[in-house]
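These are my notes from a first look through the structure shown below. I began with one side chain and then turned to the chain as a whole.

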Amino acid sequence: MKIDDHWAEARIEATRDLSATVREFTLRPVGVNVAPWTVGSHLRVTLSDEGRTLLRSYSLVGLPQDSAREGVYRIAVKRVDPSRGGSRCLWRLGSGAVIRIAGPDNHFELPLGAPFALLIAGGIGITPMLGMALTLAARGTPMRMLYAARSPEELVYADRLRAALGDRLVTFCDSAGERMDLAAEFGALPPEAQALVCGPAPLLQGAQAAWKGAGRAPAGLRFETFGSGGLQGAEPFWVQVSGPRAQRIEVPADASLLQTLSAHGVDVMADCERGECGLCTLEVLELHGEIDHRDVFLSAAEKSENHRLCACVSRVRGGGIVVDTGYRADPT
Ligand code: FES
């Protein structure tokens, strides 16, 4: 039985610490089989945190055929501090705990027909990339993988990748001052090559700029980000909503603007909730402080204008913001 969009229960069968901050969870669906999935897919997970229900998405790690054979899904979760709740909740759960899951869904497909693939992973962005790299290596597709983390210990799954890719895997550690040279990498790619990037927003933004600078077709760059990560830490701020539902609301450090507005009955359209699609973009009417733009949807010029922000991931530092949510009362 395929679980598709229906929520189902899954039992945590095992946990494994891959590093001091990354834990792998093996999930066995309860009463249903593992659904067929392709590399790049994610599971949606609901968690309970201090009376709040949290919805999170986690990439499936490994290969679909292993998942089907073993009847389990695997996700890997980085413990984030401060957390918006998801990693804190999951890290508290041990073997035997039951969570609710939906999916898998795939918004980050691996193009199998490309003549060359460059995979770029930053930190926990390795999770969808592991299966992609193993798949490409097994198919004999010409490829190269760049993988960056804070330290050698945080290069999780690197041994498995190295065994499959050999010197096609190049790692970078912040602690050693090592940096990817994306301009050089993109400049050296064959014409129809595809690049796939997964990691924090700054890595995505750097990749977008370098891809454009290399004069490559936009469709050749695919990405998925973890929108909650910004260059600066999250702090509380206030938001004032204009229009018929005018109210001033406090946004806590561990919740997004989108979640907070929704909890107060202010509907904002959203889809990806990772700062990629732009559906949640709000018009900024007044800014008190500075916007910490964490999306990869708005251009650098749009971000510097501060006329709009993506409510699912972006935040305000040092004050608050007055926004137009687009909500209008129905004419009577
Ligand atoms: S919901 Fe997609 S950018 Fe916010």
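With which side chain does the side chain of Arg294 make a polar contact? I looked this up in the model, which is a predicted one. The partner is the side chain of Asp292, at 2.9 Å.

I next located Arg294 along the chain. Arg294 sits in a loop that runs between β14 (281-292) and α8 (300-305).

Entry on the whole chain. I noted 8 helices and 16 strands. The radius of gyration is 20 Å, close to the 20 Å that the globule rule gives for 332 residues, so the chain is as compact as a globular protein of that length. Along its principal axes, I found that the C-alpha trace spans about 60 × 50 × 40 Å.

Entry on burial and surface. I recorded that 51% of the 332 residues count as buried. The chain exposes about 15,000 Å², and 50% of that area is supplied by carbon and sulfur atoms.

Entry on contacts. I considered the contacts between residues at least 6 apart in sequence, and 68% of these join residues at least 24 apart.

Entry on charge. I listed 35 positive and 39 negative side chains in the chain. The centres of the two sets lie 4 Å apart.

Technical notes. Residues are numbered from 1 along each chain as its sequence is written. This is a predicted model: local features need pLDDT of at least 70, side-chain atom pairs count only at pLDDT 80 or more; totals for chains, interfaces and linings use all residues. Side-chain values use heavy atoms; hydrogens and water are left out. Helices (H or I, at least four residues) and strands (E, at least two) are DSSP runs, numbered from the N terminus. The radius of gyration is taken over C-alpha atoms; the globule rule is 2.2 Å times the number of residues to the power 0.38. Buried means under 20% relative accessible area, exposed over 50%, partly exposed in between (1.4 Å probe, protein chains only). Contact means heavy atoms within 4.5 Å. Accessible areas come from the Shrake-Rupley method with a 1.4 Å probe; for residues, only the protein chains shown count as cover. Lys and Arg count as positive and Asp and Glu as negative; His and the chain ends are not counted. The place of a charge is taken as NZ of Lys, CZ of Arg, CG of Asp or CD of Glu. A polar contact is a pair of N or O atoms within 3.5 Å; within protein, one must be able to donate a hydrogen and the other to accept it, and residues adjacent in sequence count only if both atoms are side-chain atoms.
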